[in-house]
Structure formats: C-alpha cells, structure tokens
Amino acid sequence: KPVTAAKPLSTSSGSAWVIQAGVFSSNDNARVLVGKLRAGGMAANVSSVRNGSTTLYRVTVGPDVSRAKMDSLVPKVSQIGGTAAKVVAYSPLG
C-alpha cells in the first residue's frame, strides 16, 4: 500500500485534531503500528513527512473536530500501540 496523507476535513470552526501515535524513520515500522491500531478499531493512517534529507513516517488516528473526543482516545491508542500518543492539530499537509 502506498503512503497516503489523511483526507482534508472541512469544519465550520476551521480546526480539527488527530492523535499522533508515533513517528518512525522506517515505513515498515509505521505500517506495523497502523495494523495494530486498525485491529483495535482505530481509523489509523500513515503519512510521510520530509525532515531535511530524511523521510519520516507519521502514524495518526483521526481527524476529528472534537479535541475532547480525541483526548479521550489517547489512553487506548497508547495502550494498543505501546507508544506515548498525543493530540496534535490536524494538518492535511502531513
């Protein structure tokens, strides 16, 4: 499967949130986490982000317009993924 960015989310307030479950230098490691999260019922995606000459692979859950909803899912995402997940502002650009 190719790496794809999350689809843009149109909101009346103009803001949305995702849970960043992890950032990896290996696409394979990112895909493993996406598989775990999807098996746990989470809508996980991976997107590639350039950092200088390095490509990083960011695993996210979401987006959603409700920060409270995303905050409530952080413990489950962290438990399933074995990572320190956190809520961040959604950016359709990765």
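Two strands pair if DSSP finds at least two bridges between them, and strands themselves are DSSP runs of E with at least two residues, just as helices are runs of H or I with at least four, all numbered from the N terminus. With those terms in hand, here is a set of close-ups. The model is predicted, so local features need pLDDT of at least 70 and side-chain atom pairs count only at pLDDT 80 or more, while totals for chains, interfaces and linings use all residues. Residues are numbered from 1 along each chain as its sequence is written, and side-chain values use heavy atoms, with hydrogens and water left out.

View 1. Strand S2 (residues 44–51) and S3 run antiparallel and are joined by eight bridges. Ala44 stands opposite Val61 in S3. Two residues lie between the strands of this hairpin, where Gly52 takes a positive phi near 65 degrees. For comparison, most residues other than glycine have a negative phi, and most peptide bonds are trans. Further along, the peptide bond from Gly62 to Pro63 is cis, with omega near 15 degrees, and Pro63 lies in strand S3.

**View 2. S1 and its two partners.** S1 pairs with S3 in the antiparallel sense over six bridges, and Val23 stands opposite Arg58 in S3. S1 is also joined to S4 by four bridges, again antiparallel; here Ile19 stands opposite Val87 in S4. In a regular strand the side chains alternate between the two faces of the sheet.

View 3. Ile19 sits in strand S1. Ile19 is buried, with a relative accessible area of 0%; buried means under 20% relative accessible area, exposed over 50%, and partly exposed in between (1.4 Å probe, protein chains only). Contact here means heavy atoms within 4.5 Å. Not counting residues up to four places away in sequence, Ile19 touches Val59, Thr60, Val61, Met70, Leu73, Val74, Val77, Ala85, Lys86 and Val87. The C-alpha atoms of Ile19 and Val88 are 6.2 Å apart, although 69 residues separate the two along the chain.

**View 4. Thr60 in strand S3.** Thr60 is found in strand S3 and is buried, with a relative accessible area of 6%. Leaving aside neighbours within four places in sequence, Thr60 is in contact with Val18, Ile19, Gln20, Ala21, Ala43, Ala44 and Asn45.

**View 5. Helix H2, its kink and its end.** H2 (residues 67–81) has 15 residues and reaches 20 Å from its first C-alpha to its last, close to the 21 Å expected at 1.5 Å a residue; the expected span is 1.5 Å times one less than the number of residues. A kink of about 35 degrees lies at Leu73, shortly before the proline Pro75. The bend at a residue is the angle between axes fitted to the seven residues ending there and the seven starting there. H2 is followed by Gly82, whose phi is positive, near 70 degrees.

**View 6. The buried side of H2.** Met70, Val74, Val77, Ser78 and Gly81 are the buried residues of H2. These buried residues pack against strand S1 (17–24), helix H1 (27–39), strand S3 (54–64) and strand S4 (86–89). An α-helix has 3.6 residues a turn, so residues three or four places apart point the same way.

**View 7. Two salt bridges.** A salt bridge is a side-chain nitrogen of Lys or Arg within 4 Å of a carboxyl oxygen of Asp or Glu, and by this rule the count comes to two. Asp64 and Lys69 meet through their side chains at 3.1 Å, N to O. Asp64 counts as buried at 17% relative accessibility, whereas Lys69 is partly exposed, at 43%. Asp71 forms a salt bridge with Arg67, the closest N and O atoms being 3.4 Å apart. Asp71 and Arg67 are four residues apart in helix H2, so about one helical turn separates them. Asp71 is partly exposed at 37% relative accessibility, and Arg67 is partly exposed at 36%.

**View 8. The whole chain, for orientation.** The protein chain has two helices and four strands, running β-α-β-β-α-β from the N terminus on. Buried residues make up 34% of its 94 residues.
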